Amino acid sequence: MSYQHIRVSYADRVANVELHRPEARNGFTVLMADELASALAAADADEAVRVVILSGAGKDFCVGADLSGQSLEVTNTDIPGGAWVEPATRVARQLFMLRKPVIAAIQGAAVGVGSTMILPADFRLAARNSRFGFVFSRRGIYPEAGSCWFLPRLVGLGRAMDWMVSGRLVPAEEALNAGLVQSLHEPEALATAAQTLARELVESTAPVSVAVIRQALYRMSALPSPEPAFALDSQLIASLGESPDALEGVMAFMQKRPARFSRTVTQDLPVFLPWQETRR
């Protein structure tokens with residue numbers, strides 16, 4: 001599929017999705033939002049894809065919404081029945097719903113939507129020159145992409161309050177210490193680090209297990225009681241007797257060889273997962 005504001009390539013079971021407006025420091029547009037959502041949905045549906053890497057072309061990941069003519073304004077005609085979804089949410093929602101692990105590789109500026117769109121990623125690797133900014137209070141606007149839900153879960157309410165209310169820029173080291181990013185790398189080594197992690201995930205994890213785990217972590221951890229998690233865990237563990245992946249995982253461990261998992265996310269996800277309804 002041809003895109004204008006992003007680039008997508010596939011190699012070694014990895015979908016590389018790149019924001020591609022380097023001349024505008026990857027300023028975010030409505031078209032970019034829709035293209036990202038489309039590319040992520042395609043990767044989710046493609047059994048040949050095991051991991052998604054999200055990155056930005058040039059020196060910056062994304063400096064926020066493009067205010068130089070690529071307007072994000074909304075008119076009443078854009079909201080039939082009040083169903084309009086703001087552009088950053090179109091990306092974050094698709095990332096959240098994904099059944100494949102996502103690695104965000106961030107360099108330079110990640111400001112506004114550049115910071116919010118990466119929050120649903122499973123891994124955030126950053127260059128040492130990166131900086132993050134939830135700058136909405138300094139623009140007289142509001143946070144988007146569900147970031148008021150995601151950010152406190154990653155860095156704690158106090159830190160999220162600090163960053164969001166002040167709108168200040170957050171340097172890479174602070175982001176690492178707070179848990180927003182998992183690791184820091186020299187800018188020239190960032191892409192290699194992301195690819196190395198992607199290769200490890202492709203070679204050592206079971207697709208169905210990953211799909212269940214990433215959704216369960218989000219959905220179960222947000223509940224006020226562990227009882228629904230207890231119930232789901234019991235169903236999942238009870239189903240292992242019918243899982244060729246479980247047998248293969250044990251045999252591979254005992255035989256000291258790489259596992260060859262055969263189950264797929266499009267065909268073999270447990271039918272009783274409570275969040276499956278939301279995908280229909």
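Leu157, Met161 and Val165 form a nonpolar patch on the surface, and together they have about 310 Å² of accessible area. Such a patch is made of residues with over 30% relative accessible area and no salt bridge, with nonpolar side chains (Val, Leu, Ile, Met, Phe, Trp, Tyr) joined within 5 Å and like charges within 9 Å. A salt bridge here is a side-chain nitrogen of Lys or Arg within 4 Å of a carboxyl oxygen of Asp or Glu, and areas come from the Shrake-Rupley method with a 1.4 Å probe, only the protein chains shown counting as cover for residues.

This is a predicted model, in which local features need pLDDT of at least 70 and side-chain atom pairs count only at pLDDT 80 or more, while totals for chains, interfaces and linings use all residues. Residues are numbered from 1 along each chain as its sequence is written, and side-chain values use heavy atoms, with hydrogens and water left out.

Methionine 161 lies in helix H5, residues 157-166; helices (H or I, at least four residues) and strands (E, at least two) are DSSP runs, numbered from the N terminus. Buried means under 20% relative accessible area, exposed over 50%, and partly exposed in between (1.4 Å probe, protein chains only). Methionine 161, with a relative accessible area of 46%, is therefore partly exposed.

The sheet is open and has 6 strands, in the order S1-S2-S3-S4-S6-S9, with mixed pairing; two strands pair if DSSP finds at least two bridges between them. Strand S1 (6-11) and strand S9 (183-185) stand at the edges, and because each has a single partner strand, one side of each lacks a neighbour in the sheet.

Strand S4 (residues 102-106) is mostly covered, with 5 of its 5 residues buried. Val102, Ala104 and Ile106 point one way from S4, whereas Ile103 and Ala105 point the other way.

|---|---|---|
| S3 (residues 51-56) and S4 | 3 bridges | isoleucine 53 and isoleucine 103 |
| S6 and S9 | 3 bridges | alanine 126 and leucine 184 |

A disulfide is a covalent bond between the sulfur atoms of two cysteines. With a disulfide taken as a pair of cysteine sulfur atoms within 2.5 Å, a search of the whole structure finds 0 disulfides. The sulfur of cysteine 62 is 18 Å from the closest cysteine sulfur, in cysteine 148, which is too far for a bond. Cysteine 62 counts as buried at 0% relative accessibility, whereas cysteine 148 is exposed, with a relative accessible area of 53%.
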